[in-house]
2 protein chains.
Amino acid sequence: MSELDQVLSHLDANLDAAVERLFALLRLQSISTDPAYKAECVKTAEHLRADVASIGFEASVRPTKGHPVVMGHAKHKGNGGKRPHLLFYGHYDVQPVDPLSLWHSPPFEPRIAEVEPGRKAILARGACDDKGQAMTFIEACRAWKAVTGSLPVDITLLVEGEEECGSINLPAFVEANKAELKADAALVCDTGMWDRSTPAITSTLRGMVYEEVKIKAADRDLHSGIFGGAAANPINVLTRILGGLRNEEGRILLPGFYEGVHETPSQLKADWAALKLTPEQFLGQVGLSLPVGEKGRELIEMIQSRPTCDINGIWGGYTGEGSKTVIPSEASAKVSFRLVGDQDPKKIAASFEKFIRDRLPADCKAAFIHHTNSRALELPADSPLLMKAREALLSEWGKAPVTIGSGGSVPIVGDFKRMLGIDSLLVGFGLDDDRVHSPNEKYDMSSFQHGMRSWARILGALAS
Amino acid sequence: MSELDQVLSHLDANLDAAVERLFALLRLQSISTDPAYKAECVKTAEHLRADVASIGFEASVRPTKGHPVVMGHAKHKGNGGKRPHLLFYGHYDVQPVDPLSLWHSPPFEPRIAEVEPGRKAILARGACDDKGQAMTFIEACRAWKAVTGSLPVDITLLVEGEEECGSINLPAFVEANKAELKADAALVCDTGMWDRSTPAITSTLRGMVYEEVKIKAADRDLHSGIFGGAAANPINVLTRILGGLRNEEGRILLPGFYEGVHETPSQLKADWAALKLTPEQFLGQVGLSLPVGEKGRELIEMIQSRPTCDINGIWGGYTGEGSKTVIPSEASAKVSFRLVGDQDPKKIAASFEKFIRDRLPADCKAAFIHHTNSRALELPADSPLLMKAREALLSEWGKAPVTIGSGGSVPIVGDFKRMLGIDSLLVGFGLDDDRVHSPNEKYDMSSFQHGMRSWARILGALAS
């Protein structure tokens, strides 16, 4: 029996104890956004520190301006530092629980329930996000240590307590502790599976340019009865310009926009084709049916590997009930572009600004606010990290993992890239129906058990 | 000396008495919008009734659901009803006076002051709007009566007390008294001059179609990180469609939109050309310089005789501070078209709706609110009413009147057309610097004196 098989057997044999340890963590009310739970957050950090110390991590609770961070180091001594070194990220804080009346049982009294025949889940605030997920990794470490006496790779743990309130103190912490956090790559367990039987690796994060533009015309609001037909109307101007951002084929018309957008690798295309994700399935859930991206692209490419342009907000003139014949003095919009590959956010922000200015009547003005500006992040398709994780997940689930992009932002991944110069592998076992951030949050027992086993396999794979 | 010359001399000789009568009217605090002045409005109506009765009008104060209307009839008996019959419209109510602290003298204590060397004006709330203007007509009638013993035409007076709060009860009053109000045409004195030395006739009123459209896409707000690139964004859709309402030449692209738009008559074009109204003059006052109407048209045509398309309001998505990566479920806009000539508002509203629906993605919906729907009103360039008034004003001012269109709505004119089937001639002597609705409202003595003389001439001209 290989070491890995022994580790997996150990996990299965000790499942109840692992659930008990997760329950102990779930009982701690670490609501980070509510100051009333400050002491509970410290207690949770201390609890975690003690737990990972028991596995052999050199662990400490480290202060920040907000809730503390738990750090742990497990480094093999004496082989000249040649082993791979991974930085694991998770968070111990949870969302508030209101409205409490909608919970079927108290949110901080974890229990196991059958959510449908033959399908058991752990119910509690944080069961999935992110206590359950973080514990899949920690339990995998514990099992390796129990079976082999050590971990197969060097590991630094970073478990923060402010993810649910924006990780406001984490970038400064990472910056201040760069040397200590330095590793070969990061592992993050805070994402989901494709579906209940299909694991997923989030290997790309779309970047973003988020711009706000205000068009100014006359120096006051005008009466359209007097000035209508002669005076520039900033809403007319704004709609005409923004209406020209994309052509009939769904292509975005900012000059230079597609520079650095790479063709989707054929492996990824094949993976995605196998998913048979139809517009009916994906868009049908929100009452739509027609993908709006570039003609000739598959739906999944549109949401994963192609850049976008969305107007997220627009306002100007009279917006109350009834009618008012005003030509307003200004009109505004918020416009965002999600970026992929090597698109340069600065160039795109500049191209957007020029696109507007080039089309502006000479007696109007435009003012800009630059809200966000981040590059896409991508694990190359041939990255050993990605390939080893794929193999490990395939072995565990009997099904190749889907390699997906995340549109939602995971800022820590950008921080790791920028401050530590390392890529991140995002693997998680959440499901769409986990009610994360809502009452009756749950984590499938299958996610927990196979999640632990998955990490055990990934750690083994990364060691070789 | 002709009868008219005698009437004009009588007006000049009795100017002081006319000013005294206007002062008496101005002392009455007929603020219609404030219930505290209800009794004062009744008193003002009663005062006016008595005044016009003293000229020989069969006069009465008539109740409405709000402030009363003053009605007066002066009909020549015994010639078989062959004389022209004019309906005069004015209003005795005034705007509130706040902020009182900005008035240089009490608003209801009229006085004459020199506003610049050699230029005298009457100062009081209502001095121009509309007590002073209405009295120019009534004094002209008084002078005709004094000199000749009768009026040269049959006249019905209609002076309401709710114009400053939207004339809410007037349409019902007109409808209920159609037979009594029936006349050949209406005369309205509530408009302005072109400038201090140039009289003006307002002969066209642009009509209006005012539509509100809401584009609905997904059945909930979406996260652009998940759905961006695939899901229809109603703001993108709205801006693309509305941005296509006009082409680069300023032409409005709704099918059939220009049906019924007539070429500006050459007489009018000549009049307008003589005014030499430059974009710098007209748009410069509000910080603009470039007319946005149809290429090849003069500025004055754009604001007087050509139809328009203005987006008066737009809203959707996130409009607060900062950024939010939402794809909203809906986006809305208010869009108005000012109409001229024989443009059919119903057809244009339908064409707008079709324009939107034709361009809507099949999985989006559009909902419409029809706010306003009124035809343009126009005195034909060869109307005898218009031609006689032109001659009369030319004689009085030594300068041909400018025939202009009003963009602002004068709803009573539409009511007269619709309910009584008659055209309206709008002549008034207000000036741009009269501070109507503001503190220190004034009416130039020149406007008052030449206004009275102008109406005396017009009445004489209409008799022939």
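Modeller: Here's the pair I'd pick, followed by some context.

Quick housekeeping: residues count from 1 along each chain as its sequence is written, while chains are lettered from A and ligands numbered from 1 in the order they're written. The model is predicted, so local features need pLDDT of at least 70, side-chain atom pairs count only at pLDDT 80 or more, and totals for chains, interfaces and linings use all residues, with side-chain values taken on heavy atoms, leaving out hydrogens and water.

Now look at chain B, where helix H13 (residues 384-397) packs on helix H15 (residues 445-463) at about 135°, their axes 9 Å apart. Helices here are DSSP runs (H or I, at least four residues), strands are E runs of at least two, and both are numbered from the N terminus. Axes are lines fitted to C-alpha atoms, for helices over the stretch in contact, and angles run from 0 to 180 degrees between N-to-C directions. That angle makes H13(B) oblique to H15(B); under 35 degrees would be roughly parallel, over 145 roughly antiparallel, 65 to 115 roughly perpendicular, and the rest is oblique. The crossing is right-handed, that is, the near helix is turned clockwise from the far one by less than a right angle.

Who touches whom? On the H13(B) side you'll find B:Leu385, B:Ala389 and B:Trp397 among the residues involved, and H15(B) brings in others including B:His450, B:Arg453 and B:Ile458. Contact means heavy atoms within 4.5 Å. By class, there are eight nonpolar, four polar and four charged residues; Ala, Val, Leu, Ile, Met, Phe, Trp, Tyr, Cys and Pro count as nonpolar, Asp, Glu, Lys and Arg as charged, and the others, Gly among them, as polar.

As for confidence, chain A averages a pLDDT (the predictor's confidence in each residue, from 0 to 100) of 94, and the model scores ipTM 0.80 and pTM 0.80.
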